Amino acid sequence: MEYKKLSNGVMVPMLGFGTWKIPSDIAEDVVADAIEVGYRHIDTAALYENEEAVGRGIRRSGVKREELFVVTKLNHADHGYQNTKDAFETSLRKLGLDYVDLYLIHWPKPLNVESWRAIEEIYLSKKARAIGVSNFHIHHLEELIQQGQIVPMVNQVEFHPYLTQVQLREYMKIHYIAFSSWSPLQRGKIFEIVELQEIAKKYQKTVAQIVIRYNIQCGHIVLPKTITKSRMEENFNVFNFNLNQEDMDSIHALNKQTRVGSDPDTVYAKK
Ligand SMILES: NC(=O)c1ccc[n+]([C@@H]2O[C@H](COP(=O)([O-])OP(=O)(O)OC[C@H]3O[C@@H](n4cnc5c(N)ncnc54)[C@H](OP(=O)(O)O)[C@@H]3O)[C@@H](O)[C@H]2O)c1
């Protein structure tokens with residue numbers, strides 16, 4: 001495993017396990033499988049409605065709490081100072097944990113600054129080892145940096161070969177905000193990209209492994225999701241090779257600025 005050091009010194013396993021769309025009736029088994037395969041970083045959210053099952057999977061794994069990195073997120077419906085504090089306590093209770101490793105604002109909304117004030121206090125109370133945001137464009141980050149006390153430690157955003165977020169990456173580097181990639185496999189679309197198939201053939205790896213390795217060499221935390229144990233193993237097997245610079249550059253060059261998910265400026269902006 002490779003690790004990313006956050007601005008507050010906390011170490012994050014760069015390969016995490018995504019749990020969006022994993023229904024709660026199977027999430028316990030899936031998370032226990034992922035931890036058995038070797039994943040130590042689990043990404044969930046109040047919005048995914050599987051925090052209780054994720055918590056059960058974590059406990060069933062038998063792996064010590066301090067060896068795991070658990071992330072959850074503030075639902076867009078719960079913004080605001082007091083709502084955020086209450087929502088955080090609800091997430092902790094559902095997960096069955098007394099702290100999380102990272103707490104994120106899931107989507108930007110007009111009340112970002114108020115919600116962030118609550119999250120800063122959660123961090124200072126040591127119930128979250130690190131705090132950050134998700135789906136924040138540069139202008140959303142600017143607002144928090146100017147009006148908040150603590151610079152977010154992570155921004156978790158959509159990133160894959162067709163959306164390489166060039167300006168956002170530069171901005172985040174300058175502000176020591178770690179980049180975390182969601183939908184790294186473009187929800188399955190990467191498998192159709194001929195250039196990636198060719199690179200995979202050259203390294204005798206799968207397209208999924210090439211794209212996960214690409215993220216790690218970009219310095220990103222990366223969160224592929226699968227409910228299939230053999231794919232968990234495949235996606236985890238990315239620490240025994242390196243892409244050369246030419247191949248990194250040719251993956252960067254695939255960028256088309258296209259999203260598989262929602263645009264943060266519109267999806268929950270006014271709701
Ligand atoms: N912060 C946010 O707003 C946000 C938004 C979206 C996602 N996320 C996080 O990012 C995680 C990943 O994103 P995602 O779930 O949208 O998509 P993804 O990881 O890009 O793709 C998941 C899809 O790829 C398939 N897959 C996984 N490994 C594969 C492999 N080795 N070969 C072939 N197919 C494979 C999965 O199938 P099976 O499961 O059927 O095996 C699933 O259909 C989420 O689970 C969540 O934790 C965060």
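Okay, let's start with the buried residues of helix 8: Val207, Ala208, Gln209, Ile210, Val211, Ile212, Arg213, Tyr214, Asn215 and Ile216. Buried here is under 20% relative accessible area, exposed is over 50%, and partly exposed is in between, with a 1.4 Å probe and protein chains only. Helices are DSSP runs of H or I with at least four residues, strands are E runs of at least two, and both are numbered from the N terminus.

Quick housekeeping: this is a predicted model, so local features need pLDDT of at least 70 and side-chain atom pairs 80 or more, while totals for chains, interfaces and linings use all residues. Numbering runs from 1 along each chain as its sequence is written, and side-chain values use heavy atoms, leaving out hydrogens and water.

Back to helix 8, residues 207–217: 10 of its 11 residues are buried. What do those buried residues pack against? Strand 9 (178–182), helix 7 (194–203), strand 10 (221–222), helix 9 (229–236) and helix 10 (245–252); contact means heavy atoms within 4.5 Å. Just after the helix, Gly219 has a positive phi of about 85 degrees.

Now the largest nonpolar core, which has 83 residues, with Tyr103 and Leu243 making the most contacts inside it. Helix 8 gives the most to this core, seven residues. A core like this joins buried Ala, Val, Leu, Ile, Met, Phe, Trp, Tyr and Cys through side-chain atoms within 4.5 Å.

Which residues does Leu243 touch, leaving aside neighbours within four places in sequence? Ile199, Tyr203, Ile210, Arg213, Tyr214, Gln217, Met248 and Ile251.
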